Amino acid sequence: MIIYNYPFTTLRGVARPMLWVRLSSLDGKKSTEPILAQIDTGADACIFPFDVLYDLGYKLNYKAYIESFTGTGEAYSREVMIEILEMLQDGSAGNRVLYQISIVTVYFVKENKQFLLGAKGFLDNFVFTLDYKKRSFSLVP
Amino acid sequence: MIEILFIVLGSVVCLAGILGGTSIIMRISERKYVNNLAKTDRAIPGNLKTLDELFVEDKYQDKLVAISNEPEKRIVASADTYSELLKEARKAAKNSFCVLFVPKKGMIYSR
């Protein structure tokens, strides 16, 4: 599904392009709660806090290192499914699934609190259009 | 000669009709999610708190936070790690909840 005019989310006074998403294990047995993740065109890949791995029932594997502005962090990559959820009028997550990406490699980084949707595996599925004047964005598969 | 011309013209018209029909069907089946909140996110009805209004207090900055919508929108837990947050939120929330990171106020995030 094409996503038009998804509104920016304002948190602590700054509006950013963010999406409600749900991560699931590839076998579909375990899913996270809806998570508000920021679209980050500067991130090479999708980056989530380390212990989301446990929530998905995964064990540690495939160690990697991620370099960010805070330094180099230990990370573990796994393939997951990502569902994009609708945003309700008050800014919270709705139940409706707007789009599903079956296999995305996500890096789960230690000592990281942020949920970032980056280029590889996520943004490379879409034509991503930002409208900072209207504070909205669109994702066209 | 005229019959051949008619057959060719008829084929062209039929082909154009088929292509046009397919295009219309494809346009109808191309589902779109148009969210009009972008125009109205600064005019939320009075009884609905926006996300930003929930995190006025500084104690939530630089934290992972769980919010619940039922019976009303409220913060059910906050923590420094995702595991801690889930533990607290599952105790406190009667129903489902959502998770987000609240950035520091005044912090310039540069990536």
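In the loop between β11 (127-131) and β12 (136-140) of chain A sits A:R135, a residue with a positive phi of about 55 degrees although it is not a glycine. As background, most residues other than glycine have a negative phi. A:R135 counts as partly exposed because its relative accessibility is 21%; the classes used here are buried for under 20% relative accessible area, exposed for over 50%, and partly exposed in between (1.4 Å probe, protein chains only). Helices (H or I, at least four residues) and strands (E, at least two) are DSSP runs, numbered from the N terminus.

The model is predicted, so local features need pLDDT of at least 70 and side-chain atom pairs count only at pLDDT 80 or more, while totals for chains, interfaces and linings use all residues. Residues are numbered from 1 along each chain as its sequence is written, chains are lettered from A and ligands numbered from 1 in the order in which they are written, and side-chain values use heavy atoms, with hydrogens and water left out.

Chain A contains one helix and twelve strands, which run along the sequence in the order β-β-β-β-β-β-α-β-β-β-β-β-β. Its radius of gyration is 15 Å, close to the 14 Å that the globule rule gives for 141 residues, so chain A is as compact as a globular protein of that length. For reference, this radius is taken over C-alpha atoms, and the rule is 2.2 Å times the number of residues to the power 0.38. Along the principal axes, the C-alpha atoms of chain A fill a box of roughly 40 × 35 × 25 Å. Of the 141 residues in chain A, 60% are buried. Contacts (heavy atoms within 4.5 Å) also reach across the sequence: among those in chain A between residues at least 6 apart, 62% join residues at least 24 apart.

The chain has 15 positive and 15 negative side chains, with the centres of the two sets 2 Å apart. In this count Lys and Arg are positive and Asp and Glu negative, while His and the chain ends are not counted; each charge is placed at NZ of Lys, CZ of Arg, CG of Asp or CD of Glu.

A:R16 belongs to strand β3 (residues 14-16) and counts as buried because its relative accessibility is 9%. A:R16 and A:K133 are 117 residues apart in sequence, yet their C-alpha atoms are 12 Å apart in space. A:S92, in the loop between β8 (71-87) and β9 (93-109), is buried with a relative accessible area of 1%. Leaving aside residues up to four places away in sequence, A:S92 touches A:W20, A:E86 and A:M87, as well as B:N69 and B:K73 of the partner chain.

Turning to chain B, four helices and four strands are found, in the order α-β-α-α-β-β-α-β. Buried residues make up 30% of its 111 residues, and 33% of its contacts with a separation of 6 or more are between residues 24 or more positions apart. Chain B exposes about 7700 Å², with carbon and sulfur atoms supplying 60% of that area.

Helix α4 (residues 82-92) of chain B has B:Y82, B:L85, B:L86 and B:A89 buried. Seen down the axis of α4(B), these buried residues fall within an arc of 100 degrees, so they line one face of the helix; the arc is that of the directions from the helix axis to the C-beta atoms. An α-helix has 3.6 residues a turn, so residues three or four places apart point the same way. B:K87 and B:K91 are exposed on the other side of α4(B). The buried residues pack against β5 (35-39), β6 (46-49) and α1 (52-55) of chain A, together with β2 (63-68), β3 (74-79) and β4 (98-102) of chain B.

Elsewhere in chain B, B:S11 lies in helix α1 (residues 2-29) and counts as partly exposed at 39% relative accessibility. B:S11 and B:K87 are 76 residues apart in sequence and 68 Å apart in space, C-alpha to C-alpha. B:D62, in the loop between α3 (51-54) and β2, has a positive phi of about 60 degrees although it is not a glycine. With 26% relative accessibility, B:D62 counts as partly exposed.

Conventions
Accessible areas come from the Shrake-Rupley method with a 1.4 Å probe; for residues, only the protein chains shown count as cover.
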